Amino acid sequence: MNIITKKMNLPDGREITIQTGKLAKQSDGAVEVRIGDTVLLATAVAAKTAKPGVDFMPLTIDYREKYAAAGKFPGGFFKREARPSEYEILTMRLVDRALRPLFPEDFHADTQVMIQLLSADENMADSLACFAASAALACSDIPFETPVSEVRISRVDGEFVINPTYEQNAKADMDMVIAGTKDSIMMVEGEMSEISEAEMIDAIKTAHVVIKEQCAIMAEFMSELGKETKREYSHETHDTAVEAKIKAFAVSKCEDVARAGHADKELRGQLFGAIKEEYIATLSEEELEAEGPFISGYFKNAQKAGIRNVVLNEKKRLDGRKTDEIRPIWSEVAYLPSCHGSAVFTRGETQSLTTLTLGGKKDEQRFDGAVEEKTQNFTLHYNFPPFSTGEARPLRGTSRREVGHGNLAQRALKQVIPTDPDVNPYTIRLVSEILESNGSSSMASVCAGSLALMDGGIKITNPVSGIAMGLIMNEEGTYSVLSDILGDEDHIGDMDFKVTGTKNGITACQMDIKVKGLPYTVLAEALEQAKAGRAHILGEMMKTISAPNEEYKQHTPRIKSLIIPADKIGAIIGSGGKVIQELQAETNSEISIDENPDGETATVSVLTNDGDGMALALEKIDLIVNPPQIEVGMTYTGAVKSIKEFGCFVEVVPGQDGLIHISELAWDKTDKVEDVVSVGEMVTFKVTGFDPKKRKHKLSRKILLERPPREEKKEA
């Protein structure tokens, strides 16, 4: 075996070991990455040829966390790992977005990169997923431009930490994943507590230092394995003469369409399509047969060149806007009368209808992963139906894109959700339904979500707005930064940079860069232009609603809480949950109990839309926690809880039951308890005594009844 091992140290001294040549040797490339007791195995395989008719890069990134890595059994009936979790999908997307731009544009062979977590400890494995994936490609002959790596950077107590542990990251006010090559940053994603643009750039620069070191290690692997020269392939055929001919015919005409500044997406498509048809009309049957396979691809290139030329040379955009201009915005709240909150946010041809649902503790989302188990009381889901782009296609479940866009919007708004249960006692779910899409529907979801939260009366600390920025840059370094990009501008541009924030600072970001060697000065300019754009969008939102409503909607369930001694939890729950279940049924409420961090108290929360039920639930809970003293000689009324052959158990005071013996039910002889009382019936009885040995009270129903006269004995 030709085993090669490399090591490096993170700034805090933790060692990362990367090894190849020992495991999975039938793959094109495989590496094992270790930090502490966390072990990742990454493999890369690409087909030798491309499938007929494939004109794109069929890349699949797969990340899976094995439950055995943490010494756990998977949940579910089959007890084996099934479909990927949202966390695994989000990790796949992070790796995909870093790797995909670095494959050659003309490479179309099926390629699969798999990353598996085989052993786990306190280190966050997803921080090393891209490093492992890129290293597997570096150790293979699969065509790949240059090594790329990824690190997580968090800020804990004011200090940057590279690849933090779970415990460290839980304390961070900034959590970012940065990907890059030795020369440039490729991808950024993260959430932060209203930080400044300068702080973000500082974090990116700090992360890039470690990324460069990891890229250098991968370059060493390539050199030692002789993989600097990749496999030869031929997946596309070209005709440079036809390409030049189409370019000469179409570029200037496409510039004219771009220069005209049509705001309507469909009209622009028709005008560009007409140029293509005009070119085809100039061809003879022989020319059409010869050029046919190339026309669509070369025309797209010409269209892209024309649009980019107008933006770079004339600072004019497809829809007629200036480079820093935002499309028209309108919004409306309380759009859906039965929801706990709702909002419509429309910017240009992008529209989100977002709903707010408020629930209790039992509605929290639970995550049972291989490594982490946690609950989450704020969730944002994003749906992208085909009609939003005028398409008709089948629904195949939630896509990776929908998961990723929803996660970005959720991270953006999470920063302003109150964590104090006295301010926000609810579990919150937002659902963004995208009704129209032409550029940055995820940012529309952030804006609509912020409006829906305020409409529902959630006391967010500050409203949040979001914007998608673009970039067009030529080889000479001439560039234009574009605010609020269209879908077409995203497609032909060199950057998609989404930034969300409040008036105080940035709360989340997501950046993908196609251009190589993006200077930090350009990044800083984009961030400052995004800040101005966010402020404009926020100002438009504030015209609709400027602060959270003082009251919740009338139909929103209310939550009230009590603090109780922790040793009273069992009394409220009862044996097998019997007491709390009966309380919920009787009071039409949802009751949850959480032990407080002090270990001595617990919080009981009651959720209901029934005012009388709320009052009754709180009263009964208080009686259980602070039961009145049962006094001998006093009369009580309580429900029959259960019936036995020897008597019935009744509730004397909340949480305390007692037995009325069958002989104490009535003066006449009782053959069956059911002849006198039934379960649920309210019975009045008297406490006649107390047995100190059994520590039980003696109860009697018959003593409160009139005693029938005794029959006189007849004389013989």
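Visitor: At roughly what angle do the axes of helix H9 and helix H11 cross?

Guide: The axes of H9 (residues 441-455) and H11 (residues 520-542) cross at roughly 35 degrees and come within 11 Å. An axis is a line fitted to C-alpha atoms, for helices over the stretch in contact, and angles run from 0 to 180 degrees between N-to-C directions. Helices (H or I, at least four residues) and strands (E, at least two) are DSSP runs numbered from the N terminus. Please note that this is a predicted model: local features need pLDDT of at least 70, side-chain atom pairs count only at pLDDT 80 or more, and totals for chains, interfaces and linings use all residues. Residues are numbered from 1 along each chain as its sequence is written, and side-chain values use heavy atoms, with hydrogens and water left out.

Visitor: Is the crossing of H9 and H11 left-handed or right-handed?

Guide: The crossing of H9 and H11 is right-handed. A crossing is right-handed if the near helix is turned clockwise from the far one by less than a right angle, and left-handed if anticlockwise.

Visitor: And which residues make the contact?

Guide: H9 contributes Cys447, Ser450, Leu451 and Met454, while H11 contributes Ile537, Met541 and Met542. Contact means heavy atoms within 4.5 Å. By class, the residues of this contact are six nonpolar, one polar and no charged. Here Ala, Val, Leu, Ile, Met, Phe, Trp, Tyr, Cys and Pro count as nonpolar, Asp, Glu, Lys and Arg as charged, and the others, Gly among them, as polar.

Visitor: How do H2 and H4 pack, then?

Guide: H2 (residues 129-138) and H4 (residues 197-225) pack at an angle of about 25 degrees, with axes 9 Å apart. The two helices are therefore roughly parallel to each other. Angles under 35 degrees count as roughly parallel, over 145 as roughly antiparallel, 65 to 115 as roughly perpendicular and the rest as oblique. From H2, Phe131, Ser134, Ala135 and Ala138 meet Gln214, Met218 and Met222 of H4. Five residues of that contact are nonpolar, two are polar and none is charged.

Visitor: How many residues of H2 are buried?

Guide: In H2, 10 of its 10 residues are buried, including Cys130, Phe131 and Leu137. Buried means under 20% relative accessible area, exposed over 50%, and partly exposed in between (1.4 Å probe, protein chains only).

Visitor: New topic: how many residues has the largest nonpolar core?

Guide: The largest nonpolar core has 154 residues, and Leu99, Ile115, Met176, Met200 and Phe497 have the most contacts inside it. Its largest share, 12 residues, comes from H4. A nonpolar core is a set of buried Ala, Val, Leu, Ile, Met, Phe, Trp, Tyr and Cys residues joined through side-chain atoms within 4.5 Å. Another core, of 16 residues, lies apart from this one, and Val640, Cys648, Val650 and Val683 are among its members.

Visitor: What does Leu99 touch?

Guide: Beyond residues up to four places away in sequence, Leu99 touches Ile61, Cys130, Ala133, Ser134, Leu137, Phe144 and Val148. Of these, Ile61 lies in strand S5 (residues 59-65) and is buried, with a relative accessible area of 0%. Ile61 is also in contact with residues including Met92, Val113, Ile115 and Arg400.

Visitor: Where is Asp484, and is Asp484 buried or exposed?

Guide: Asp484 lies in the loop between strand S19 (479-483) and helix H10 (487-492). Asp484 is buried, at 1% relative accessible area. Its contacts outside four places in sequence include Arg317, Arg321, Arg327 and Arg347.

Visitor: And is Gly158 buried or exposed?

Guide: Gly158 counts as exposed, at 56% relative accessibility. Its place is the loop between strand S7 (149-156) and strand S8 (159-162). Gly158 and Asp173 are 15 residues apart in sequence and 8.5 Å apart in space, C-alpha to C-alpha.

Visitor: One last thing: what is phi of Asn163 near?

Guide: Phi of Asn163 is near 50 degrees, a positive value in a residue other than glycine. Most residues other than glycine have a negative phi. Asn163 is in the loop between S8 and helix H3 (166-170) and is buried, at 3% relative accessible area. Ala334 also has a positive phi, near 55 degrees. Ala334 sits in the loop between strand S11 (329-333) and strand S12 (341-347), and counts as partly exposed at 42% relative accessibility.
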